[in-house]
Amino acid sequence: MKSPLISVIVPVYNKEHYVAKLISCVKDQTFRDFECIIVDDGSTDKSGQICDEMTLDDENIVVHHIQNGGVSHARNTALDIAKGEYITFLDSDDEIPNDYLQKIAEDIKQYNADMIIGAIKMVSDSGERIVDYPFDQRVYSMQELLPQFAEAQRDCGVFGWCVNKTFRRELANSCRFDENLTLYEDFDFYLWLYPKIDTVYFDVYNYYLYYSDRSNFSTFDDSKIDYQSQLIVQLRLKQFLENNNTWSGCNKDIVSKRIQDYLFFIVFHSPKECFKERFIDSHDYYNQSGIIIKERNTFKGLILNCIKLNNYCIVKVIITLYKTFTKIIHR
């Protein structure tokens with residue numbers, strides 16, 4: 001089996017302090033049967049210029065400059081033009097070892113799996129930590145993975161990382177990132193892809209270097225998160241598990257709890273001007289979810305049962321009193 005062409009997709013937005021290192025990592029790869037598509041998502045710093053200057057002498061790398069549309073739009077732009085048999089994503093503020101693509105190519109040739117999932121090494125100012133997967137280094141059928149799917153995702157995020165995965169491009173022809181999502185858009189993308197995946201090979205020794213201190217995740221304000229979109233992702237996960245006859249046990253318990261959390265957050269963090277609309281949406285989503293609310297003797301349980309029973313007036317009074325009291329005691 002000849003070496004596969006691998007399309008490497010890199011979205012870039014205002015990463016002038018890091019992108020040069022990532023490009024150097026790509027240029028230094030021992031494996032050369034790849035195309036790297038860098039999408040400069042309308043950067044306002046020197047990121048675009050750095051990308052252009054550093055790739056002039058490497059025909060494997062092409063840079064596309066587009067108007068700012070968000071990371072999902074940038075990735076979709078690259079997916080639309082990728083020509084490789086397999087696709088993998090890199091983030092512009094991370095790094096990879098120089099044999100990263102070589103090991104992926106060897107895994108593809110040896111195991112011929114639909115998806116390769118590599119290891120994640122978290123790098124921060126406090127040191128390095130390898131994310132612990134509950135899977136051995138071997139080929140799994142998707143059906144083997146599904147009984148542990150929700151638990152593994154909750155504990156280490158293995159199925160939600162956008163990076164560290166390589167998959168057959170033909171399987172993703174109808175899959176694109178939801179450009180309306182600003183959080184967990186990567187997991188949402190893979191939930192569209194996983195139903196098309198039959199086999200997964202875990203390479204627990206091919207490390208992707210994820211620099212957590214450079215991530216923008218910590219900048220999210222809880223009150224500004226689009227919990228409704230996050231709920232939709234969880235409902236999609238529930239549907240995926242149901243379709244594969246694994247909506248039971250830990251899968252059911254973990255995802256049901258997450259759905260309840262988001263139903264609560266939608267209402268609790270709702271601005272006053274759209275509180276009623278958000279409450280109605282939550283009640284509709286509760287009916288759609290088909291889950292059973294078990295919490296009762298907690299503040300969250302009280303709110304959830306009001307959502308269940310469509311008691312808008314009661315829940316509005318309860319949350320208003322709670323927030324007023326909280327402000328008073330924190331003065």
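Reader: How do β5 and β9 pair, parallel or antiparallel?
Author: β5 and β9 (residues 199–211) pair in the parallel sense, over 9 bridges. Strands here are DSSP runs of E with at least two residues, and helices are runs of H or I with at least four, numbered from the N terminus. Two strands count as paired if DSSP finds at least two bridges between them. This is a predicted model, where local features need pLDDT of at least 70, side-chain atom pairs count only at pLDDT 80 or more, and totals for chains, interfaces and linings use all residues. Residues are numbered from 1 along each chain as its sequence is written, and side-chain values use heavy atoms, with hydrogens and water left out.

Reader: OK, which residue in β9 stands opposite Ala119?
Author: Tyr207.

Reader: And what about β6, how many bridges join it to β5?
Author: 4 bridges, with β5 and β6 (residues 127–130) running antiparallel. Val123 has Glu128 as its bridge partner in β6. The two strands form a hairpin, with 2 residues between them.

Reader: Which way do β5 and β8 run?
Author: Antiparallel, joined by 3 bridges. Ile116 stands opposite Thr166 there.

Reader: Is β5 mostly covered or open?
Author: Mostly covered: 9 of its 10 residues are buried. Buried means under 20% relative accessible area, exposed is over 50%, and partly exposed is in between (1.4 Å probe, protein chains only).

Reader: Switching to α7, why is it largely enclosed?
Author: Because 8 of the 9 residues of α7 (residues 185–193) are buried. Among them are Phe187, Phe189 and Tyr190.

Reader: What covers those buried residues?
Author: The cover includes β5 (115–124) and β8 (165–168), plus α3, β4, α6 and α8.

Technical notes:
Contact means heavy atoms within 4.5 Å.
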